[in-house]
Amino acid sequence: MGRDEFVAEFLERGLLGFYLAVAKEGEIGPGDEIVTLSRDPNSFEVTEIARLYARDRDDVEGLRRAAALDVVPESWRGYFREHLSRLERRHQRRLLPAPPAPAWEGFRPLVIREKVRESEDVASFYLVLGDGEPLPPYRPGQFLTFRVSVPGHEGPAIRSYSLSDSPEHDAYRVTIKRIAQDITGQKPGLVSSFFHDRLEPGDVIEAKAPAGVFTVDPRENYRPVVLVGAGIGITPILSMLNAIVERGPERETWVFYGVRNHHDHLMQEHLEQIAERHPYVHLHVCYSRPIRKNGTTVGRFHHTRHVDVELLKQLLPGSYYDYYLCGPAQMMHSLYDGLLKWSVPEHRIHFEAFGPAAVKSAAPDPVAQPDCGIEVSFARSNTTVMWSRCDSPLLELAEDSGISIPFGCRAGSCGTCVTRIVSGEVSYLHEPGAPLGEGEALTCVAVPANPLVLDA
Ligand SMILES: Cc1cc2nc3c(=O)[nH]c(=O)nc-3n(C[C@H](O)[C@H](O)[C@H](O)COP(=O)(O)OP(=O)(O)OC[C@H]3O[C@@H](n4cnc5c(N)ncnc54)[C@H](O)[C@@H]3O)c2cc1C
Ligand code: FES
């Protein structure tokens, strides 16, 4: 059985029986007796390989044994080793600490205390409880999920916005970029426009309690961090940075902030003051397309380029940091891949996508990410695809396949992406925070456990 092609032949033919090497030629016929003279304690039945390959793909003990035995052909041992490490990665993800229990259940009214214009298309909203009660604390990097009724839009719209300041204040702050109509015909953003055009101090808005697992613990000042924010993705990074400097004591912190030009450069003075007052904070602002006026470049920035791993390699004394990334898809993909190649362990790279931009979905390497081998059908879209990126949730698989499932938080807490399971089962990358009914899946954090049909 030590030959690779033997297992392949066996799997192809699917015939059960004895396969024997010929020690001495002779004839065997029906009715002949077969006697087992001895059995290698390390023997491994070829049917076991078929079982582990085709049926019991989650049998970790069986896979470990198959991967360790010399009698199993090397290429198959390699396959089992790879599959095992994928399972272990999935398992580790599932063991991520469950998000903390929400400070309140469902939606609760918050009053807009203040609205501050930060740039031409970005405004901050300060929110408090109507009865003057203190707001529950949150973790830097968490977000709020809002439910708004926009005139002319059927049903409530749900969107999430990161808290953009540290928790040490008496109001929640969210900083929202208006998605404007553009020349490509992109429609104006429904909820961001509503915030900008319709909401003023004194107005009431419904929000879920702070949620999300993309967070920094400001007490862990012994863990140096690299915070990378680009565009409006700076909002959770601001919350983390403010919490780190307010909490003290000194924690080595590198901040990389990428924008196109000075128009998009938010909270410039605030960031510069932090870097000036705290020598352990290293601020690097990158403009990708700075504007020149009268022969000089407008704005205060450090580099004319995108934030990329080459810049990090140039500036950081080593790669031994915890990395927090939030920004456009392209930046996150390239940084994530670059950091992995720079030998940063996967568990030290944390990221949050604001939209269909999940980091791993754009880094498909068919060799490194072989088929996870589970078929997923989207019944209403009449589409069947293979789930082939083991850490990528079903929402991303749908988006990659051109199927749109509504989402809010992309983190398992708002319940917007809930989808009915027609058949099959799912497991979760981490404990979902939103309540789930029988036969439903939260697609933003769910992965298929076996062949699956979703009502989408
Ligand atoms: C966890 C989380 C935190 C977030 N935090 C923030 C935040 O702090 N500040 C903030 O401004 N936004 C944040 N967002 C994005 C926000 O939730 C909305 O997706 C965004 O405001 C667009 O919603 P809309 O209703 O205005 O646009 P929609 O009506 O949903 O979309 C209108 C058009 O804009 C496009 N579009 C949608 N989202 C984006 C986008 N992000 N960039 C470019 N085009 C887009 C759509 O493809 C569509 O064509 C966050 C999202 C998540 C999941
Ligand atoms: S999008 Fe919020 S739970 Fe999935």
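These are my notebook entries on a predicted model of a protein chain with a ligand.

**Entry 1: ground rules**

I noted that residues are numbered from 1 along each chain as its sequence is written, and that chains are lettered from A and ligands numbered from 1 in the order in which they are written. Since the model is predicted, local features need pLDDT of at least 70 and side-chain atom pairs count only at pLDDT 80 or more, while totals for chains, interfaces and linings use all residues.

**Entry 2: the whole chain**

I looked up the elements and found 10 helices and 21 strands in the protein chain. Helices (H or I, at least four residues) and strands (E, at least two) are DSSP runs, numbered from the N terminus. I then checked burial: 35% of the 456 residues count as buried. A residue is buried if 20 or more other C-beta atoms lie within 10 Å of its own, exposed if 12 or fewer, and partly exposed in between, with C-beta atoms placed from the backbone. Next came contacts, where two residues are in contact if their C-beta atoms, placed from the backbone, lie within 7 Å. Among contacts between residues at least 6 apart in sequence, 66% join residues at least 24 apart.

I traced an open sheet of six strands with the order 4-3-6-1-2-5 and antiparallel pairing. Strand 4 and strand 5 are the edge strands, and each pairs on one side only. Two strands pair if DSSP finds at least two bridges between them. The twist averages 45° from one strand to the next. For this, axes are lines fitted to C-alpha atoms, for helices over the stretch in contact, and angles run from 0 to 180 degrees between N-to-C directions. I followed strand 1 (residues 108-119) and found eight bridges to strand 2, running antiparallel. In this pair, serine 119 has valine 122 of strand 2 as its bridge partner.

I traced another open sheet of six strands, with the order 12-9-8-7-13-14 and parallel pairing. Strand 12 (303-304) and strand 14 stand at the edges with a single partner strand each, so one side of each has no neighbour in the sheet. Strand 7 (residues 225-230) runs parallel to strand 8 (residues 253-259), joined by six bridges, and valine 228 stands opposite phenylalanine 256 in strand 8. Strand 7 also pairs with strand 13 in the parallel sense over five bridges; here valine 226 stands opposite tyrosine 323.

Strand 13 (residues 322-326) pairs in turn with strand 14 (residues 349-352), in the parallel sense over four bridges. The chain gets from strand 13 to strand 14 through helix 9 (residues 329-341), in a right-handed β-α-β crossover. Right-handed means that, with the strands pointing away from the viewer, the path from the first strand over the helix to the second runs clockwise. On the strand 14 side, the bridge partner of tyrosine 323 is isoleucine 349. Four of the five residues of strand 13 are buried.

I also checked glutamate 346, which lies in the loop between helix 9 and strand 14. Glutamate 346 counts as partly exposed because it has 13 C-beta neighbours inside 10 Å.

I asked which residues of helix 5 (residues 190-198) are buried. They are Val191, Ser192, Phe194, Phe195 and His196. These buried residues pack against strand 2 (122-129), strand 3 (143-148), strand 4 (157-162) and strand 5 (172-177).

I counted 23 residues around ligand 1, the closest being Gly189, Leu190, Val191, Ser192 and Thr235. A residue is near a molecule or strand if its C-beta atom, placed from the backbone, lies within 6 Å of it. Strand 4, strand 5 and helix 5 each supply at least two residues of this shell, and strand 4 gives the most, with four residues. The shell divides into 10 nonpolar, eight polar and five charged residues. Here Ala, Val, Leu, Ile, Met, Phe, Trp, Tyr, Cys and Pro count as nonpolar, Asp, Glu, Lys and Arg as charged, and the others, Gly among them, as polar.

**Entry 3: proline 236**

I found proline 236 in helix 6 (residues 234-247). Proline 236 counts as buried because it has 26 C-beta neighbours inside 10 Å. Leaving aside neighbours within four places in sequence, proline 236 is in contact with Gly141, Ser162, Phe214, Cys326 and Glu352. Glycine 141 is 95 residues apart from proline 236 along the chain, yet their C-alpha atoms are separated by 4.4 Å.
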